[in-house]
Every structure is written in C-alpha cells, then in structure tokens.
Amino acid sequence: MLRESDIDAPSLPALLPYCLPTQSQTHALFHLALPPSLSKNGLVTLRTLRTGFRYELTPTLPSYIVDDGLQRAGIMFNISSFVQKAQSAAQQLIDPMQGLNLTNSDRNPSKASLFQSQFRLPSSQTPLFEIPAELTIPPSNVTHGGKDHDRGWHYAGRLHLSESYICFSTTTSSFAHTASTSTSSAFAGQTHGAGPSGNGFTFPLSAIRRVERLNSQNFQFSLAITTWNGIAQDQAKDKAALKERKDFREQRITIQLAGSRQACERFCDGLKKGLRGAVGNVGKLKRIIAECYSEYLLRPEEKKNAASPDAGLGVIFKYPGDPKKLRDRAKMRLWAEYLRDNGRNATLIRQPTFHKLIRVGLPNRLRGEMWELTSGSFYLRLENPTLYTDTLDKFLGQESLAIDEIEKDLNRSLPEYPGFQSQDGINRLRRVLTAYSWINPDVGYCQAMNIVVAALLIYMSEAQAFFILSAICDRLAPGYYSSTMYGTLLDQKVFESLVEKTMPILWEHLVKSDVQLSVVSLPWFLSLYINSMPLVFAFRVLDVFFVEGPKVLFQVGLAILRINGEELLDAADDGAFISVLKSYFSRLDESAHPKSENPKLRAINRFQELMVVAFKEFSAITHGTIQDLRLKNKDAVLNNIENFAKRTAIRNLGPDSKVLSPEELVSLYDRFYGVLYERQQRDHIIQEEQRRRAKASKTRASEAFTEHHDHGVEKGRVGLGPSTSLMDYDAFREFLASVSKWAISDAPPPSPRRDPSDRNSYFGSFRRSDVNLLSPWGSGPEPADHEFMQRLFRKWDVTNSSSLTLQNVVTGLAQIKGGRDIMGTITYFFELYDDDEDGKVDREGILRVSEALLFLSRRGLEGALSNSNSTTMLNGMTEADSGSLSPPVGGTVNERFLGSVSAFIRRCFEYADPDNLGTRDEAEQMTRPDAPIMSKEDPSIDSGAFAIGDDEDEEDEEDMLAFDSPSSQPNAQAKRLDLDLESVPPAMGKPAENVGRRAVSKAQSEKANVALDPSNPLHITLPTFRMVVLADELLEQFFESSFPTSLHITHGLPNTAGQSSSLTTFSSLNFSRPATLSPSGAQPGLAGAGRGLRGVLDNIVTDASRVAAEVRRRMEEAQRELEKNALPGQRDEDEEDEEDLQGPVKSTGAYGGDAERRSVRSSDRDLLDGADAGAGVTKEADGSSQSLLDTNSEQEGRVDRVNSATQRIVEFES
Amino acid sequence: MADSNAPKPSSSVKLVLLGEAAVGKSSLVLRFVNNDFQENKEPTIGAAFLTQKCNLPSRTIKFEIWDTAGQERFASLAPMYYRNAQAALVVYDLTKPTSLVKARHWVAELQRQASPGIVIALVGNKLDLTNDGEPGRGDGDSEGVEGEDSGDARKVSTEEAKSYAEEENLLFFETSAKTGYNVTDVFTAIANAIPETSLKSTRGPGASNAVSRGGEEQRVNLNGPREAAKEGCAC
C-alpha cells in the first residue's frame, strides 16, 4: 500500500503553480504516469499513457483545451438536447419512478436507477465503470499534525464512475450489467439504509483537482486524488498567501484499484474522459459551494468578517428549541473538526463518525447543508444551479390551480413559528412551493408540502429547499404528494403489513377493535413527522431520514407503536388510540426512565429511547424490505385508487352523461384513459429508444455497460396520478379508431404525413412532427386522419384548448348517440360544417360534407338499414334484377350509398342559395321565402347560378307559386317545405311515388355544373341540408341510425382485423390525389376541378348526363308511365305526413324544383356512372352499374379492386 | 353497557366532515368542540379526530368527529374516514360557488358509498362574510336565515342550496364558525336526526367495546370547558 510519505514531496509544490486556476474553468489536471522502475518517487513526470494521449503541463495546455473543448462541445450539445427533451416531457430532476420502483420491471429495476438512488445522484448519471478498490484516507495532519504513527484509514469497497461523479462506497453493491439485482440493491451500511450510508464519498468530477497515478510495489493501479476542497477560499488566487497559510492542507486521498490490469486501465480511461468533461464545471461548483455554510464555518482567519450564507429563517427568527439544551455549540465544534479533516460539502468523505454525528442531531446552522448533501439535492442544484430563480422568472405572474391552493395554506404552515408570522417567511414559502409546482406539474401542490417546506426553510435557503423538495417528492417520499397520493396510500399498506409482521398481538387488537391504523399513521408519513412531534424531535428524525431514506419513517413509526404497545392494547377505538399517541408525542422530552436509580438512564429522554428502539430493534427493516412490500401491495392500492377515481369521475360527469348508459360511461372512461395511458407509455418508450440510439452512436466508451432500459414505466396510469387527463387530437384519433371502424386508417404501413401547413392551422399547431419514429400507434390500428375527425374534435373541444377532457368526450358522444332523433343528428352534422356559425355551409363545405359521408361509409354502413322495396327498385331500375328483393348484402347497400352521396352533392348545389348578396342574412331569407324564385326573375340576384325550379315541370312551379301569396307566407313556406320533403319520401313503402316522380334533364345537370363555378359563391342552409338528406332514404338511414351506431363505445370494434377487405365503396372512385382537401384560401372553389376528390366530384356532375344518357332516356319513359298512375293517390298521404314533419323542420330557405326532386333518384345512378367515367376506371361502356352491383358474384375481382383502392386510400388518409 | 348505569342512554355517533379545502370544516369542529376560533388554522393532513357530547332530552350523543382534509387529492382517502359513519357534515363556503359543486359531489358519493341511512347535513359556512352575518343570533332556528339576497361576499343563495338540500333530503344550515352562529344547531339537529335504531346497532365492534372503556370520559379531555359552556346542546 502506498503511503503519503512515499510521494515525492518536492514535486508537489513544483506542480502547484500549474494546478492553480488562473481562470475559474481551469481544468483539473490529470496526471497519469506509468511507474518507471527507476524512480522511487511515486509521482513521475508526465508521460504518455497507452492511448498515446500526451499530457504536458502549461505549454500544451491551450491546444489540449481547444481540442477537447470542441469535442466536449459536441457532446454537450447532444446531452443538452436530451435533457431538454426529457425535461419537456416532464420537468423532473429525478425520475420519480426510481424512488418507488413501481415499474413493471420492479423486480429488476434498472441498474442506473439503483445506482442513482444509492449515491443520490441526478437521473443524468449512469454507472459507467466500477471496480473493487481500497480507499486510504491520510491521517488528518492539521488537527493531529505530526502524528506520523497514524497511517490513516483504510476502507475496502467499490469505486464507481458515472458521467460526472466518482463515488466510493464500502457497501459492496455493484451496478455492472453483469451484477445480479440483489447485489445492486443490497444496500447495507450503518443502518442498512439506502443512500449514501456506507463509508466513502461522492465527488463531482469537477471537484477533483488532480489525479495522479502512483507507483506501487506490486504494479497495481494506485491513484492519488486531490480535490478542490476549500476552493471557495482560493478566490484571492494569492499563491503566496496560500502557501504561507499553515493550516491549509490539500485534501488528498489514495485509491488502490483491485481489478485486472485491463479493468483498471478501462476505468482510468473513463475517469480521464470524465475529468476532461468536468473541467468546465469547476466554476459552477465554486458558485454553489460559496453558498454552503461549511465554507463559512471553516473560513480562514482573514475572512472572519465575511457574511454568513443563508442558513434559513432560523438565522433571523431563531431556530426552534433551546440551543443549550440541544448542545448546539458542542455539536458545531465536532462538525467543524470533522469537516476540516474529511472535507466539506462537495468533497466530504463519509466515515463512521459522520453517521454518529448525524444520529446525535445536526447543529442548527449546518443542518440545511447536511440535509442537502445527504439527500443528494446538492447534486441536483449543482447540475442546474439557476433552475430555481429561472423557474420563478419564467412563470412570473402566471396563475394556476396549484397557486390558488398554495395561497390558501400560506398562512397556516407552522403558524406558531415566528418566521411564518412574518411576510419574509411567508414569501419564501410561497416562492418555493410555487416554483416547485411549476417544475413538477404532476404533483403541483399537495397539502402537507407546505408544512414540510416551512420546516425546511427554517434551516436552508430557498434554492436549497426547492431542490430538496424535489428530492423528497421524487425519491425519498415517492408518490406521497402526487395527485392521487398513491405513495402515501401504498406506504400505509406497507406500514400495516410491517406492524402485522413485527407486532402481531397489537395488530390483532387493531383488527378486533376495528381501528384503522392509517388514520393515525398517515399524517406521520405525509408530513414526515413534522406536525406530529414537537419540531425539535421531528428534525432529528429528518436528519436520519435524509441519509438513510424512507425506511426511517417506518422504523420510527414501528418504534412508536412498540413503545406504546401496552397502552394501545387498552385502547378500544380510534379515539382512544389517537389520544394515547397524542399524549406520548407531547411528552417526548421527558425522561424515559424517570424512576431509575441510574442517573445516566434517567437522563435518557423518551425521544432518545424512540431512536434507539427504531434503529436497534427495527434494524432489520431495510430498504429492500420496504421495496418488496411496496411491490407486493402496489397493485391492490393502485386498483383501489383507480376504482375510486373512476367512480367519482363518472358520477361527476354532467347531465349529458345521463343519456348514455352506465356501461357506456364506464367503458368510455376506460377507453379515454386507456388511450392516454398507452400513448404516454409509447411516448416514453420511443423517447428512451431515441436516447439510447443517440447515445449508442455517440459514445463507445459505455459499450461495456449497455444500458438496460426498462420499458415498463407506468407513467400516466390513473392510479399514479395521470400526468394528463387531456386528450389531444392524435389521442382522439386513436380513441375513435378503437370505437369505430371508419376511424381506422386504410394504410397498412405508417405513411408519411402531409405537411401540417397544408392544413387548417388549428390542427397544425399541435401536431407532433416526428411521430413516425417507431410505431406511434402501438399495437392498435393506425387511426385515420380525416378532416371530419378534425371537425369532430374541434366541435367537442368546447373550450378551444386543443384538447378534450373526459367530460368533453362524454358530451360529444352524448350528442351523437344520446337517443337523438334524426333531425338532431342532421343538425349536428350541419353545424359541424358551419364554420362561422352563420347557418350557412358554402360550396367548400358541401364538398366537405360529402367527403365526410364517403369517409364514414367507406367500410360499410352499420345500423338498421332497411332494404325497402323502393330502394331495391331504384337500384334495380337499370338492372332488371329487381329480383334482388332478397335482402341485399352490405356491399350493395354501401355502394348504393355512394350513389346517395353523389345525389347529395348534386342536390345541394341545385338547392343552394347564391351567396353574392353578401349582406343577405338568415333573417332576411325568412321573410323572403320565395327568394330562389325571385332570383330567377331578378337579374341582380340571378348571377347565372342554377335556378331552382325548372321549366320542365310547369305544374310544380305553379303549385309553388300558388302558395306564394304574401298573406300566407309563413304557412305557405312551411307547407311547401313539407311538400318538398314529402315528395322525396323519407318514409318507406312509396315506391310508386319515387319511381313516378322522376325527371331528369340535361339542362339541370349542366346547371348544376355551373354551380361549381367558383365565381358564383353559394351556400346551403340547415333546412336545405335537411331536405337534401331526407330526400334520400339511405342518407336518412345513415343519419338516423348508421352514424350513431358506428361508434361502439361498450364493446369496441368486433374485429379490427381484415378491415381493409371491407373497403368497397371507393373502389369505383379513382382517387388520383389525396382526398383531404386543402382549404386553399378564402375563395371557395379555387382549388377547383381536376384536383383530388374535388375533381372527381366535379366530373360526377359534368359527365353524369353524357355517360348515362341512354339509360336515362329509358328511365324517363318508364317514369312517365308510372307517374301517370301514381300521382293522384299520392297527395293524401302527403298531407298526413306533412303534419309529422312540420314540427322539427323549421323552414327558412326556399326550395323549388319539384322536377329536379323527382329526378334525383335516377340521377344517382347517372352520377355514379359519371364518377367512374370521370375517374377513368376501365369498364364497359354501359356495364358500370353492373360492375358495381354484382360484387357479390365476383368476390375475387373485388378483392383485387379493394387492394388497389386501399393503396389509393393511403394517399387519401395521409 | 353505558345505558344501564346512566340516567340517560348514551351512544356514540361517528360523524365525518367533508368539503372543499378551506371552507372551514376544521373551524366548525373547533367551534363546536372547544368553542374556539383560529384565524390561521393549519390545514388538516389526512384527518383530525375529535369528540364532543351533545345532550338531548332523551339521551346523550357522543360525536366522534372525523375532520378530513379538503384538498381534492385527499378525496381518495375519504372512504377510509367515512367508513361506518352515521352522520356527515358536507360543508361549503357561502362565498365560493365552486365549493357547493364539490359539496354536491360529496353528497352523491356518500349516498352511494357510505353506510345506508347516513344522516347528511349540508352546511354553508362563513356566514359572517355576508350581510346576514348576524341575523338574530341565538335564534337557534335553522330556518332563521331567510333574507339573504345580496350579502357582501355571498355567492351562493340560500334558496339554491336549500332547494338542493330538500331535493336530496339533507339537513340544511348556514353557519359561521367565526361567530359561532348556528354551529351547535347543526350538531344538535344531526343528533336528533339519527334514528334510534341505528344507535343501537351501528359500530358493532366499537359499541361492544364501550364496556372496556368504562365510560367515555377518559379520552374526552376536549369536553371539559365545553360542557360548561352556555351553548351546550341543551335541547
């Protein structure tokens, strides 16, 4: 073993000048030297190491720094982008899951997280290298100077290296990937606690000034580490003064590595790399250290008058308790000595005395700093020193629910402490709680945090309290303060099972008396005993808690019950139980053995007794015990919370929810949170994967330690406090895809997304750009992305927040499914497309509606679709296969629906009102029911748009005009509407009329085509829309049942597999371009013909007559025949039905065109033909209908077509 | 049992207080139990437990009061406290409409999840902040507060809350823990509303253990001053 004396003394001062920082970021020199056998001196001049890296002192320093600086810059850039990513996802400093280990991989938590919690390091640190080693701490030659006989202290243990820390611990835990879980989680140490309990150190690499390779006899690797201990006092940079100062001594320890040569070299390489990276952080470290009380405590003589750093409110308002009684001065002296010998703050070395000193209670002024160090929050602060003030600045003036809640409690946090009766104290409390609520919105603010923070602020600065709160919430009391408080509930269960195990008689008594233990113990844990015990004692518990972790809370709790066991056995109910403990806490300062003869025994107070019982009698309670029990109880606790949350959420849904059945609500709830949860899981995995990939490509050094990422994080699970209860648009799509088949994408592989800018900006704003990495949809089907879904989302998003709550979804679904009548659904649909809510849907909108209809029906229609005679006859018209009275299969209906949509478009345009009187509003139309007719006569209105009503049908026009007497206008209007609706029967079983009133004219088609002229803006109103819908039986059925039933809330989709095979409807429409239309500009229609579905639709109208002229001619003949026979008897029925329809239909617009009305049925087919023709689908000239209708008989052919259609739809969806 | 050696039968009733944070649940209890009021009361962590007696002409009711934390996230702990409760005080803040919404949620929760037959009182607190602050103090009549209308800070009208209470069959009071107005009346009304039968049967294990306790006095240290106080539940 190498001794201090072996090192060549003169060489130290020789090196010193080079080592002293000329700038704050002077790098830590890294001296590695091969042992030249010639020299007996341990320290050899600098030589190249096996890597060929040449380290010289000052002369080559600049170039080294430049090179390395560049390299580091690259690394830093990468790292910071990860960090940003990680922080944007959740701005947590420590992965909250690590503390609780509630992941699916509980039994095998990641080595990194075990490593982090062992050494209390931030989540940026991963175990890179580790090696068995022996630590030698030289005798403290300042205080015990000259004691040459003292060879110092030796500890065997393990040396660990992470990105920016080097840690040594006597606990033998290993975090190498080959290590078993038990060795990784085998926390031992003084009280078998996790955390930095063993002896050793946790040095930030930036705190290391120099590492030297020492010569040792047996050719082993031996490193001398010199730290920046006391760096804050070197500000003077006065080397001479430093040298003169006799009491100054560098902190220098030696470590002998006990691995194979290769392992040692690897470790040293890693260390070298790490040290180089840490160079830039020395300044940061210096700033942080300057705020440590220990620096002030150990300040040199010449700085006696320096201002003391902020050691909490206690400095101003006194610390709780009597300092004399607490023996504060004596404790302070002991600590000063310890810190002088063993390093302070960042360079502190833990030796057994350290743990003893903590057990007897920390001195007031040092308490904050030691809490910070032992809890590891010091390292969080070191990593991001300005986070606290930055956060406050960033959110200055912003409001939140958490802030409201905080305000309520500010005046009631430790109100008995004078500091919190002052505005200063209150303000500090407010700032810390507020800042934390911003960086951890998942937790926000939970009552009890105010008490904990208030207690912390007595001993530490705001920034210190802020970081330690983070360490508490994420690691030491994991989940305690989360929005569901799962951690609290879980630890209560754990505590109960520990009581059952360790004190079975008491437990039995509790059960028998029906006393719920947690009503007593819950506040203990939640407020970390702060408001259960007198403050002075609660702080003593905290002293140990921060070093040894959560198990301390259990040990103390068990000890309390044990000590009061006898009395508690007499307590028969909650009340008695509580009062026993209450009185116990109030007498903690009394002697535990007041009647003892032995004065020493008499001097032991009840609190001391409590500590002894807690840590002696319950020393078997280890971190591992707690983890195991947490794991065991986790599911039950989470399920309980989730059931409660679900019950509450469903009950608290508004009145809308009443129209849905309880089963529907339950499954709606499940689906809603299921989607959110799964998405978060996936996001997390994707993120991890990206990190891993990036990391792998970045560093080769860590190859030996391939990280094991657990993908079982349960972030977002309701029981853990859902990190969101808001559904964004993508989640909404996923949700829809789970309940309706139309919302499933047609594209088998993920397709490139369209440029969001191409879209409505509303949706562009929250679209994530890189969803294509890995599969963003998990195992579920990829949801479609159709304009209709965007509209639905926007409609449901009543608060315009780009996200939906469960309530929004329930309300939205209730509007569609909630036992609405058909009129309601039609209105709903109309409003969906009435963008500016002026009661008009323009040309663009009409096309969009029809697109939506096609979109919704492309996998077939659901619900009760009647196949009445009339329909059959219509379809069979050209086919003569009216024999298909036999129920047509879905395909047929669906294809007919396509025709219905075509007809819908055409009718919409035909009945639309011209728009060119911009000022004409709805009200005006009301008073002018005859507007369309007038438009025909009034040139100013008639701008060449299609007129309604046609010369062909003189009699019908006569009818209408007859109604037009001004005196009876309202009635007439209504009546006429009814007639309109009537004559295109929504009701079934009027084949005669349907067939009868059929007249098509070429002129009309042309007119309709004119309607597409973008220079003639037009719109339809709700009544028009209604009429047009009701004019078609299939459309009517669609709105009545098919659309509402297409959302399968309760059972989901029967089979999502083979979905694409049912894609029939589009097979006849050849999409040359993606069908989602871009609203390119305010000018409707400029996007015009020839583009996408628009083009197809235009062509439908254009070519309809030409293609099917022959068919139509024959049809007209037939119709005329039928009309003659059917008309007379028809009227009566019409009158009756009028009454029924009058109610819901409040007419405003005017409709004409009986002739057209009668002709629409037949033109359906024509349009369909036109579609095919226009889209250029190959087919026999007159066989198009055949090809559509005969799908049943040619399944094979259809499949082929479907395939091709599917491919086209890829574009459509994307 | 207790009723054999006492002139008046005595029984304990478990009562739970629920309501939004900072509506004054703890203050109501403090007023009822200690006849005291603290401006800055520490928020309740989990729940606080207190007891107080209420003397009815025919019997004595001893309330075992569970005062729960009001913050939303503590709601999932509530079942632990309202378990086996025979009475509940659902408190809202007269100056905060949202607190009544929360109160409705609690009522619904209790009606579905708590023991059947639980007596629920809806209590609007902080009457001192409204114009009806002190209408006929000591009236003792719960219906005393009728002329509400436009109190300074009042945001929840008496009618609204009252009609809701009637709808749901709840006792209804408006109180001020600060002045003490109506506070005792609430508890007295609850004591009267507890059905005789449930007094015998409920809290099975607890009731049978009453013997081992040998009377309640030992732990009711809070009772002392209150017993003598003039507003004792002398009905």
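Reader: In chain A, among contacts between residues at least 6 apart in sequence, what share joins residues at least 24 apart?

Author: This is a predicted model. Two residues count as in contact if their C-beta atoms, placed from the backbone, lie within 7 Å. Take the contacts in chain A between residues at least 6 apart in sequence; the share joining residues at least 24 apart is 80%.

Reader: And what is that share in chain B?

Author: Again, take contacts with a separation of 6 or more. In chain B, residues 24 or more positions apart account for 72%.

Reader: How many helices and strands does chain A have, and what part of chain A is buried?

Author: Chain A has 52 helices and 12 strands. A residue is buried if 20 or more other C-beta atoms lie within 10 Å of its own. Of the 1214 residues in chain A, the buried part is 50%.

Reader: In what order do the strands of the open sheet in chain A stand?

Author: The sheet has 3 strands, and their pairing is antiparallel. β10 (840-842) and β11 (913-914) of chain A each have a single partner strand, so they stand at the edges. The order is β10-β12-β11.

Reader: What span does helix α12 of chain A reach from its first C-alpha to its last?

Author: α12(A) covers residues 328-342, which is 15 residues. At 1.5 Å a residue, 21 Å is expected. The span in the model is close to that, at 21 Å.

Reader: Which residue follows α12(A)?

Author: Within α12(A), the buried residues include Trp335(A) and Leu339(A). Among the elements covering the buried residues of α12(A) are α11 (323-326) and α14 (364-375) of chain A. After α12(A) comes a residue with a positive phi, near 85°: Gly343(A).

Reader: On the side of chain B that touches chain A, how many residues are nonpolar?

Author: The contact takes 36 residues from chain A and 31 residues from chain B. β2 (47-55) and α4 (97-113) of chain B are among the elements that each supply at least two residues of the chain B side. By class, that side has 7 charged, 9 polar and, for nonpolar, 15.

How values were computed: Residues are numbered from 1 along each chain as its sequence is written. Chains are lettered from A and ligands numbered from 1 in the order in which they are written. This is a predicted model: local features need pLDDT of at least 70, side-chain atom pairs count only at pLDDT 80 or more; totals for chains, interfaces and linings use all residues. Two strands pair if DSSP finds at least two bridges between them. Helices (H or I, at least four residues) and strands (E, at least two) are DSSP runs, numbered from the N terminus. A residue is buried if 20 or more other C-beta atoms lie within 10 Å of its own, exposed if 12 or fewer, and partly exposed in between; C-beta atoms are placed from the backbone. Ala, Val, Leu, Ile, Met, Phe, Trp, Tyr, Cys and Pro count as nonpolar, Asp, Glu, Lys and Arg as charged, and the others, Gly among them, as polar. The expected span of a helix is 1.5 Å times one less than its number of residues.
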